[in-house]
Amino acid sequence: MGRLTCIFLCLAILVPARAQVRDSSALAGVPYVIPRSERFSPLQAVAPAVLFAAGAAGVDWDFYDRNINTPVKDYGDRLRSEYGAISLDNWLQYVPMAAYLGFGALGKGSHCFMEHFVAGATSWAAMGILVNSIKYTVKDLRPDGSSRNSFPSGHSATAFMGAEMVRIEYGGWWGAGAYGIATAVAMMRVYNGRHWFNDLLGGAAIGVLSAHIGYWMLPLERRWFGIRPGVEMAVVPYAIPSGMSSPPSFGLSAACSF
């Protein structure tokens, strides 16, 4: 808990002091109603399935290669030869998930921070298993010829997973911004010659699906880990007057229970 306390103390500087209870139904004894985002629906898997099929079609299909993958790669190669490589994709892929967890730590969204953390960890595990199992089964050669683990794009999967979780938790406007970042990451992978265009589609599909898996598992994980569907958090400013040999000090203290 010492590290969590330090994290909350640091994050508290970014927001006004406040105290809030996220789940008033728990205090009133009203049964907790599972949010729509946590209810499994086959329709939520339709878009990822279509997107993944569009990406998988580009593996070893000459028509796709001639008309989509190769022209996109050649265009990226020309841009890179003129402007140089861009390394932002290596860290920008984590920005949507960092935003998802960061806003959760600040008390945003409809779930408490521990629920954000558990859903994010589950999504990440699902994404890692899916991406790596497919990568080393398909063994598609990268555009730069460096290795045979091109399909699907792990960077794209990471970015789109975070973007979808931001959309689910914080709504369309925040989701649009996160999806813009994820799209930029995917385009950089092609620009840098690390992935074919179809790899981006496969990675994005896995990322979106993994985000939903994290939320689908949340009702079970509440029972497994004893997580309450709410959190109490307080951030209080303090001031210590100056003494005989010490200057005055100011700061914030934070307390969190979950």
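**Exercise 1.** Which residues form a nonpolar patch on the surface, and what is their accessible area together?

*Solution.* Step 1: note the basis of the work. This is a predicted model, in which local features need pLDDT of at least 70 and side-chain atom pairs count only at pLDDT 80 or more, while totals for chains, interfaces and linings use all residues. Residues are numbered from 1 along each chain as its sequence is written, and side-chain values use heavy atoms, with hydrogens and water left out.

Step 1: apply the rule for patches. A patch consists of residues with over 30% relative accessible area and no salt bridge; like charges are joined within 9 Å, and nonpolar side chains (Val, Leu, Ile, Met, Phe, Trp, Tyr) within 5 Å. Accessible areas come from the Shrake-Rupley method with a 1.4 Å probe, and for residues only the protein chains shown count as cover.

Step 2: name the members. The patch is formed by I86, L88, W91, Y94 and W124, with about 490 Å² of accessible area together.

Step 3: consider one member. I86 is in the loop between α4 (62–83) and α5 (89–92); helices here are DSSP runs of H or I with at least four residues, numbered from the N terminus. Its relative accessible area is 32%, so I86 is partly exposed (buried means under 20%, exposed over 50%, partly exposed in between).

**Exercise 2.** How is the ring pair of F160 and Y179 classified?

*Solution.* Step 1: state the rule. Rings of Phe, Tyr and Trp (its six-membered ring) pair if their centres lie within 6.5 Å; planes under 30 degrees apart count as stacked, over 60 as edge-to-face and the rest as tilted. This rule gives nine aromatic pairs.

Step 1: apply it. The ring centres of F160 and Y179 are 5.7 Å apart and the planes stand at 65°, so the pair is edge-to-face.

Step 2: locate the partners. Because F160 belongs to helix α8 and Y179 to helix α9, the pair ties together parts that are 19 residues apart in sequence. F160 counts as buried at 11% relative accessibility, whereas Y179, at 22%, is partly exposed.

**Exercise 3.** Which residue forms a salt bridge with R222, and where do the partners lie?

*Solution.* Step 1: state the rule. A salt bridge is a side-chain nitrogen of Lys or Arg within 4 Å of a carboxyl oxygen of Asp or Glu. The whole structure contains seven salt bridges.

Step 1: identify the pair. R222 is bridged to E38, and their closest N and O atoms are 2.7 Å apart. R222 lies in helix α11 (residues 218–225) and E38 in the loop between α2 (24–28) and α3 (46–56), 184 residues apart. Both R222 and E38 are buried.

Conventions
Helix = DSSP H or I, 4+ residues; strand = E, 2+ residues; numbered from the N terminus. Buried < 20%, exposed > 50% of the residue type's maximum accessible area, 1.4 Å probe, protein only.
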